[in-house]
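Sequence and coordinates come first, and the notes come after them.

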Number of protein chains: 2
Amino acid sequence: MVKQEDFAVEQYMDAYETCIEYNMAETCTASISINEIPGQSQESLNQLQQKLFSTKLTYGHIRGSPELKNAIAQIYNDEGGNITKEDIVPTNGAIGANFLTLYALVDEGDKVIVVDPTYQQLASVSKVFSRNPGNVIPWRLNFENNYLPDLEELRKLINENHPKLLIINNPNNPTGVVWGDEIIREIVEICSQADIYILCDEVYRPLYHSTVDPPKSIVNYGYKKTISTSSTSKAFSLAGLRLGWVVTKDQEVIDKLYSKRDYNTISVSTLDDITGTYALTSYKQILERSYKICKTNLDILGKYIDNTPLLSWVKPQGGSTCFVKVNIEGIDTMKMCVDLVEQYKTLIVPGEVFGRRGYLRIGFGNNTEDIEKGLEQLTKYFVSNNYQ
Amino acid sequence: MVKQEDFAVEQYMDAYETCIEYNMAETCTASISINEIPGQSQESLNQLQQKLFSTKLTYGHIRGSPELKNAIAQIYNDEGGNITKEDIVPTNGAIGANFLTLYALVDEGDKVIVVDPTYQQLASVSKVFSRNPGNVIPWRLNFENNYLPDLEELRKLINENHPKLLIINNPNNPTGVVWGDEIIREIVEICSQADIYILCDEVYRPLYHSTVDPPKSIVNYGYKKTISTSSTSKAFSLAGLRLGWVVTKDQEVIDKLYSKRDYNTISVSTLDDITGTYALTSYKQILERSYKICKTNLDILGKYIDNTPLLSWVKPQGGSTCFVKVNIEGIDTMKMCVDLVEQYKTLIVPGEVFGRRGYLRIGFGNNTEDIEKGLEQLTKYFVSNNYQ
């Protein structure tokens, strides 16, 4: 098989996450417990407890409970979508949603265009199923262009490669860029004309902070061959549920997903299904909390970066991560980040794990104190290394 | 890619499970709720509730909590094993454990010997990762030989094919046969001499009903290249947890498993991790209940089959399924089972989904009433079709 490389960002986090004090690498908005899920009455909390403890733990609804799927559909339909239970496939997290989609859609020899940088899984698993790393073509975003897409480049890549699938990620991890409504419309138009699938990893949706024309979910643009993946992990602060989903109006894709899902999932956790349903019925209140945390942290980060000529950024408009450029000629950001861990107890993800030396990924959805103290450590690092 | 067929038994169950009254297809021992987990005090139940509701739902311990892994290790060590936390990889169910193992171990061109019949996933996913259906070689078991293995045949298959991996399933689904200690010793010896991995799907362990020399887990025979997969679903009556595991003393395999796991799992559900830990600390009490249910149902089934010349079986020594031979020349058991669903509201799995026409898989771990009433329906079917 195609030898699959290690998942760089996961391995990096795994190696260092437990030996630091200030975590500026976390990508989830600060996680909450069941007790802390906002917007619920004591009575509904009691009912949840009853249900969790008295439900027989069979495989449950193999395709996810109708209640869960209705709650997920609501998120899409509150922005004018027309998603039904039949359009939703629950999975173990967004990691499971992306994996399942690629397992179901990418066959030997299929070409796939993948936005770059993005979550490494999307390109790497495509390579496994397409059997040839050369079949996965990066569509590169650049700092200089504010991480916005070059649509002419996309047209060219499609014409040259005749891909089966385009994979994008909106809001984007690591950059925090949001491609707005107009851009998404154009991408859908281009792919629709070329008759190719679009998978949009929307796990950071709908976390928008300063977007002028927020996009709808990719499945809400009227083009059937679109697929949205997401989960409760990032915007909804509940990564511990391992509850993700694939949404598409393409029933042929749904059938393929369920066929493969028999081989690697069967069903999602009954406890997660029940708790996820409970949580998503107050998803707006959860989001409100997430917005506040991100705004506070973004303000702090923004002030720091504005006052630090050694750093520059494209201010993130969404999600909970940003990709900061280090203005030091030839800087080895991997070494810099390891030094930050070992000498300053501060975790930041080096751009190298996204194939971009000279950048830092900072997560701003987590504790404000970690950001404040972490930035102080960063200053100490710069001073002690005589960078200015 | 290798076009992967649908998962026949899952598709069959999916299609019919909801429109019947008597379920003789269920393979889990009758599932329980959290409240029904035996062997726990009210105080520990209260503590569980506290913990479930107050734990922040982060990704949790990426590699599973130490408490969970200790509880899993205990099952292996109570029979004299030497399993530590480092030897265990938690997954989403045994389906996830098998999938992850094959994803990590089977590369393009690798040959794999798979016992047949067995759970279809084991052969089918091996075909996907080995890239060629011809690389997956069935090692056939037969009714006439009581589903016991022909070790000469195994030696021959190994010599001819030089496989990387042997996959067995003990107790076996669908037959309920148990390969005892002596047989497993010999298989380990053969594979050890040939230096090949053994994956033993042990999801029905340790459900033994009438085994003279019960085998230990495959990882407890002192051969490093052995891998055990299992879960809370079958013997432990908690399929809704989606909590499985891979166990191996081979740290090179562990590293490969975690590398792939970053791409399709990240971590298991925090709620499942906590609840699974709670449940497995009283796994012996859960098993006691499972034994009782299986014994009651097996007695009923045994009497029926003894008195029904149209049927014969190799009485299952373990697990919760048996594979019953229908002594009717040329019988189309697929049609028979569909008739049983449509006309008699009774669900039995046809041998065809295991590639064996003329057989029926009956699950005996579930409700006794389903077995009793289902058998009455079976009699009606025979009578109305003039079989005798």
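**Salt bridges, a helix and a helix pair**

B:K373 is partly exposed, with a relative accessible area of 31% (buried means under 20% relative accessible area, exposed over 50%, partly exposed in between; 1.4 Å probe, protein chains only). This is a predicted model, in which local features need pLDDT of at least 70 and side-chain atom pairs count only at pLDDT 80 or more, while totals for chains, interfaces and linings use all residues. Residues are numbered from 1 along each chain as its sequence is written, chains are lettered from A and ligands numbered from 1 in the order in which they are written, and side-chain values use heavy atoms, with hydrogens and water left out.

**Salt bridges**

- B:K373 forms a salt bridge with B:E369, the closest N and O atoms being 3.0 Å apart (a side-chain nitrogen of Lys or Arg within 4 Å of a carboxyl oxygen of Asp or Glu).
- B:E369 and B:K373 are separated by about one helical turn because they lie 4 residues apart in helix 12 (residues 368–384) of chain B; helices (H or I, at least four residues) and strands (E, at least two) are DSSP runs, numbered from the N terminus.
- B:D299 and B:K295 meet in a salt bridge at 2.9 Å, N to O, and they are 4 residues apart in helix 10 (residues 283–306) of chain B.
- B:D299 is partly exposed at 33%, whereas B:K295 counts as exposed at 53%.
- The side chains of B:E36 and A:K56 also meet in a salt bridge (2.9 Å, N to O).
- That pair crosses between chains, with B:E36 in the loop between strand 1 (22–23) and helix 2 (42–54) of chain B, and A:K56 in the loop between helix 2 (42–54) and helix 3 of chain A.
- A network of salt bridges links A:E79, A:E202 and A:R205.
- The count over all chains is 32 salt bridges.

**Helix 7 of chain B**

- Just after helix 7 of chain B, B:D195 takes a positive phi of about 60°.

**Helices 3 and 9 of chain A**

- Helix 3 (residues 66–77) and helix 9 (residues 270–280) of chain A pack at an angle of about 35°, with axes 9 Å apart (axes are lines fitted to C-alpha atoms over the stretch in contact, and angles run from 0 to 180 degrees between N-to-C directions).
- Residues making the contact (heavy atoms within 4.5 Å) include A:L68 and A:I72 of helix 3 and A:G276 and A:L280 of helix 9 of chain A.
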